[in-house]
Amino acid sequence: MPEPPPSPLPHRPVRVFVCADEDLLPPLRREVVAAGWHAVAGLDVPPSPWLAHAQALLCVTMIDQATQIAAVTELLTRGISVAVGCTSVDLAKDVFDQGRRLAPAEWYDRTQPPLTVGLDATHIALLLRVRAGDDVDAAARHCHVSLRTAARRLSEAREVLGARTTTAAALALGARVDALAQIS
């Protein structure tokens with residue numbers, strides 16, 4: 001007797017993130033990775049019925065030609081989220097316009113950058129550990145940095161995020177990570 005077909009997989013929401021400045025793509029990538037997304041480089045993802053639904057998948061790439069917009073829209077129609085950095089504002093506008101027809105879109109430029117601009121992976125990891133309830137010492141141990149380095153990194157993060165306290169900085173980052181995790 002033949003086996004029944006596998007049950008349909010739940011549909012994951014798809015997003016398109018457009019950075020009008022190519023320097024904004026790495027901080028955006030750090031944000032979505034911190035939220036549990038699996039980021040892959042490039043737009044070349046082989047067709048697979050399981051790939052897009054296995055986890056929150058995000059293709060991250062730079063675009064420098066209008067012909068690459070077709071690859072972005074093809075991935076969106078396949079259920080794969082995309083984050084692109086563009087070499088020109090006009091190209092970014094075209095990607096955003098095409099992408100938002102297929103999925104919710106987020107726009108980033110110098111006036112509206114990703115929250116984590118100026119933070120590296122260690123800053124983010126420390127803030128998320130503090131948000132989870134760790135004190136600075138425990139967060140430092142978990143992130144494999146010294147207590148002094150952790151204190152300095154948290155101070156830098158507070159300054160970048162414009163927060164008066166480490167808790168406020170951790171909550172601000174945590175809110176963004178939670179929002180991204182909900183759409184993953």
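Analyst: Let's begin with a definition: a polar contact is a pair of N or O atoms within 3.5 Å; within protein, one atom must be able to donate a hydrogen and the other to accept it, and residues adjacent in sequence count only if both atoms are side-chain atoms. This is a predicted model, in which local features need pLDDT of at least 70 and side-chain atom pairs count only at pLDDT 80 or more, while totals for chains, interfaces and linings use all residues. Residues are numbered from 1 along each chain as its sequence is written, and side-chain values use heavy atoms, with hydrogens and water left out.

User: Thanks! Which backbone nitrogen does the side chain of Ser81 reach?

Analyst: That of Arg15, at 2.8 Å.

User: And is Ser81 buried or exposed?

Analyst: The general idea first: buried means under 20% relative accessible area, exposed means over 50%, and partly exposed lies in between (1.4 Å probe, protein chains only). Ser81 has a relative accessible area of 2%, so Ser81 is buried. A contact means heavy atoms within 4.5 Å. Not counting residues up to four places away in sequence, Ser81 touches Pro13, Val14, Arg15, Trp37, Leu57, Leu58, Cys59 and Leu76.

User: How many helices and strands does the protein have?

Analyst: Both kinds of element are DSSP runs, numbered from the N terminus: helices are H or I with at least four residues, and strands are E with at least two. Here there are 8 helices and 5 strands. Along the sequence they follow the pattern β-α-β-α-β-α-β-α-β-α-α-α-α.

User: How do I read the way strands pair?

Analyst: Two strands pair if DSSP finds at least two bridges between them. Take strand 3 as the case: strand 2 (residues 38-41) pairs with strand 3 in the parallel sense over 4 bridges, with Ala41 having Val60 as its bridge partner. Strand 3 also pairs with strand 4, again parallel, over 6 bridges, and there Met62 stands opposite Gly85.

User: What does strand 1 join?

Analyst: Strand 1 is joined to strand 4 by 4 bridges, and the two run parallel; Val18 stands opposite Val84 in strand 4. Strand 1 also pairs with strand 5 in the parallel sense over 4 bridges, where Cys19 stands opposite Tyr108. Look at the side chains too: Val16 and Val18 point one way from strand 1, Phe17 and Cys19 point the other way, and all are buried.

User: Why is strand 3 largely enclosed by the rest of the structure?

Analyst: Count its buried residues: 6 of the 7 residues in strand 3 are buried, so the rest of the structure largely encloses it.

User: Which elements make a right-handed β-α-β unit?

Analyst: A crossover is right-handed if, with the strands pointing away from the viewer, the path from the first strand over the helix to the second runs clockwise. In this model, strand 3, helix 3 (residues 69-77) and strand 4 make such a unit.

User: How can I tell where the buried side of a helix is?

Analyst: Look down the axis and find the arc, which is that of the directions from the helix axis to the C-beta atoms. In helix 1 (residues 25-34), the buried residues are Leu25, Pro27, Leu28, Glu31 and Val32. They fall within an arc of 165 degrees, so they line one face of helix 1. They pack against strand 1 (16-19), strand 3 (57-63), strand 4, strand 5 (105-108) and helix 8 (166-183).

User: Which residues of helix 4 are buried?

Analyst: In helix 4 (residues 89-100), they are Leu91, Ala92, Val95, Phe96 and Gly99. Their arc is only 135 degrees around the axis, which puts them on the same side of helix 4. What covers them includes strand 1, strand 3, helix 3, strand 4 and strand 5.

Note on methods. Expected span 1.5 Å × (residues − 1).
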